[in-house]
Amino acid sequence: MPQNFTSIEELRGKTIAVRDLGRPFTITLWLRTMGLEKDVKTTIVKDKEIGRWQQWKKVVSGECAACFVAPIYLPPALAAGLKIFTVPEVEIVSNFAQACPSSFASQNPALMKDYLKSVVHAIALLIYRREEALEIIAKEPMRLMGLSDIAELRRQVDSIAAMLQVKPYPTVEAIVNTNEIAAREYAGAVENPLALWDLHWLKELDDEGFIDELIKRFSDDSPRRRAPRRCNL
């Protein structure tokens with residue numbers, strides 16, 4: 001938001017710039033949580049016309065009063081003179097969700113479990129052994145990300161890791177909200193949202209002690225340091 005704003009309440013009657021990609025209806029859920037859903041207008045600003053996650057340019061120009069920016073893309077908005085308001089977290093299943101056809105999953109149970117082991121292992125590495133994870137990411141992943149500055153790589157990795165949890169169980173509220181997003185954007189809602197989620201592989205790993213043992217092993221000599229999850233407006 002602009003520097004002259006002192007409260008979220010000042011958004012009433014104003015317009016927010018919304019990114020066209022990445023499930024834009026999520027912004028409506030955030031506004032609902034903030035009590036502003038019916039009092040704030042939204043306008044879609046496409047990435048291709050303004051740049052990836054650069055909807056803040058519409059705030060700088062005065063065309064919009066605010067926009068949401070993912071933490072990983074925040075520095076340019078701050079450098080342009082805008083400021084942050086922290087808003088309540090909205091429970092959704094993030095873009096890091098894992099998906100595949102149910103027919104494939106039912107035919108390859110061992111592969112699915114091994115795959116989930118690798119996902120949980122990677123999350124634990126990012127959270128508890130950040131330096132080791134960065135050594136890996138600083139190779140081919142860093143090249144693919146188009147980065148050359150290790151400090152910027154660390155900032156981006158930290159932004160991503162702050163959103164992760166080693167036991168990635170989605171909450172019921174997150175599943176319901178994600179179903180509403182699908183219904184509004186893709187006409188893809190189902191009568192029972194839980195039917196699309198199969199957590200039994202994760203539950204098996206949890207019950208077997210795999211995740212707790214991984215956490216213990218990784219955290220014994222690397223204290224966990226994570227910033228609280230927050231969204232920036």
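Let's start with Asp158: this residue is partly exposed, with a relative accessible area of 29%. By that term I mean anything between buried, which is under 20% relative accessible area, and exposed, which is over 50%, using a 1.4 Å probe and protein chains only. A quick word on the source: this is a predicted model, where local features need pLDDT of at least 70 and side-chain atom pairs count only at pLDDT 80 or more, while totals for chains, interfaces and linings use all residues. Residues are numbered from 1 along each chain as its sequence is written, and side-chain values use heavy atoms, with hydrogens and water left out.

Now, what does Asp158 pair with? Asp158 forms a salt bridge with Arg130, and their closest N and O atoms are 2.4 Å apart. A salt bridge here is a side-chain nitrogen of Lys or Arg within 4 Å of a carboxyl oxygen of Asp or Glu. Arg130 sits in helix α7 (residues 130–137) and Asp158 in helix α9 (residues 150–161), so the pair ties together parts that are 28 residues apart in sequence. Helices are DSSP runs of H or I, at least four residues, and strands are runs of E, at least two, numbered from the N terminus. Arg130 itself is buried, at 15% relative accessibility.

Elsewhere, shared partners join Arg32, Glu37, Glu180 and Arg184 into one network of salt bridges.

Two more pairs to find on the screen. Arg129 meets Glu132 at 2.9 Å, N to O; Arg129 is buried at 13%, and Glu132 is partly exposed at 38%. Then there is Lys58 with Glu63, at 3.3 Å: Lys58 is buried at 18%, whereas Glu63 is exposed at 52%.

And how many salt bridges does the whole structure hold? The search finds 18.
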